[in-house]
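These are my notebook entries on a structure that I looked up. I set down what I searched for and what I found, topic by topic.

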Amino acid sequence: EQAARQQRRNKQVLSEVQKYQALIKQTIQRNLIVDDAMKGKSCRLNIRLASNGLVTQVTELGGNTILCRAAKAAVFKSDTLPVSKEADVYQQLREINLTVEPEL
């Protein structure tokens, strides 16, 4: 019973994490300044967040240099990103890796 309940909660946390990752990506996309040279390019970022969603650190993990610079700027412009108030969901979001691809 306990194991089944924990498994259900884990699935719930995973879907919440995916929801917040999508919200974070949308926020970054809104602030991303793109040009045609970025078409088809991507950048991997590691983002660290405080419990209130404040961006504490952004690290480039690789990708197109110009896009990575723009993506980092978009993250910092966001200032705070959407995070869950639930501790177990936040634990999965406090340090996330995202791939940013411009929507051209």
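I began with accessibility: I call a residue buried when its relative accessible area is under 20%, exposed when that area is over 50%, and partly exposed in between, using a 1.4 Å probe and protein chains only.

**Basis of the entries.** I worked on a predicted model, in which local features need pLDDT of at least 70 and side-chain atom pairs count only at pLDDT 80 or more, whereas totals for chains, interfaces and linings use all residues. Residues are numbered from 1 along each chain as its sequence is written, and side-chain values use heavy atoms, with hydrogens and water left out.

**Overall layout.** I took helices (H or I, at least four residues) and strands (E, at least two) as DSSP runs, numbered from the N terminus. I counted 3 helices and 3 strands in the protein chain. Their order from the N terminus is α-β-β-α-α-β. The C-alpha atoms fill a box of roughly 55 × 25 × 20 Å along the principal axes. Of the 104 residues in the chain, 34% are buried. I defined a contact as heavy atoms within 4.5 Å. Among contacts with a separation of 6 or more, 75% join residues 24 or more positions apart.

**The sheet.** I counted two strands as paired if DSSP finds at least two bridges between them. The 3 strands form an open sheet in the order 2-1-3, with antiparallel pairing. Strand 2 and strand 3 are the edge strands, each pairing on one side only. For angles, I used axes fitted as lines to C-alpha atoms, for helices over the stretch in contact, and angles from 0 to 180 degrees between N-to-C directions. Neighbouring strands are turned by 25° against each other on average, direction ignored.

I then looked at each pairing. Strand 1 and strand 2 are joined by 7 bridges, and Arg44 stands opposite Gly62 in strand 2. These two strands form a hairpin with 5 residues between them, and Gly53 in the turn has a positive phi of about 95°. Strand 1 and strand 3 pair over 6 bridges, again in the antiparallel sense. Here Arg48 stands opposite Glu95 in strand 3.

**Helices on the sheet.** Helix 1 packs on the sheet and touches strand 1 and strand 3, its direction making about 50° with that of strand 3. Helix 2 also packs on the sheet, touching strand 1, strand 2 and strand 3, and makes about 165° with the direction of strand 2.

**Helix 1 against helix 2.** At what angle do helix 1 and helix 2 pack? I found about 105°, with the axes 8 Å apart. Helix 1 is therefore roughly perpendicular to helix 2, on a scale where under 35 degrees counts as roughly parallel, over 145 as roughly antiparallel, 65 to 115 as roughly perpendicular and the rest as oblique. Thr27, Ile28 and Asn31 of helix 1 make the contact with Ala71, Ala74, Val75, Lys77 and Ser78 of helix 2.

**Nonpolar core.** I used this term for a set of buried Ala, Val, Leu, Ile, Met, Phe, Trp, Tyr and Cys residues joined through side-chain atoms within 4.5 Å. The largest such core has 26 residues, of which Ile28, Leu45, Ile47, Val75 and Leu81 touch the most other members. Helix 1 (2-31), strand 1 (43-49), strand 2 (55-63), helix 2 (65-78), helix 3 (87-93) and strand 3 (95-100) each supply at least two residues. Helix 2 gives the largest share, 6 residues. I also listed the contacts of Leu81, leaving aside residues up to four places away in sequence: among them are Ile24, Ile28, Ile47, Val55 and Val75.

**Salt bridges.** My criterion was a side-chain nitrogen of Lys or Arg within 4 Å of a carboxyl oxygen of Asp or Glu. The whole structure holds 5 of them. Arg9 and Asp88 meet at 2.8 Å, N to O; Arg9 lies in helix 1 and Asp88 in helix 3, 79 residues apart. Asp88 is partly exposed at 31% relative accessibility, and Arg9 is partly exposed at 21%. Arg9, Glu86 and Asp88 are linked in a network of salt bridges.

Glu95 forms a salt bridge with Arg48, with the closest N and O atoms 3.6 Å apart. Glu95 lies in strand 3 and Arg48 in strand 1, so this pair ties together parts 47 residues apart in sequence. Glu16 and Lys19 meet at 3.7 Å, N to O; both lie in helix 1, 3 residues apart, about one turn of the helix.
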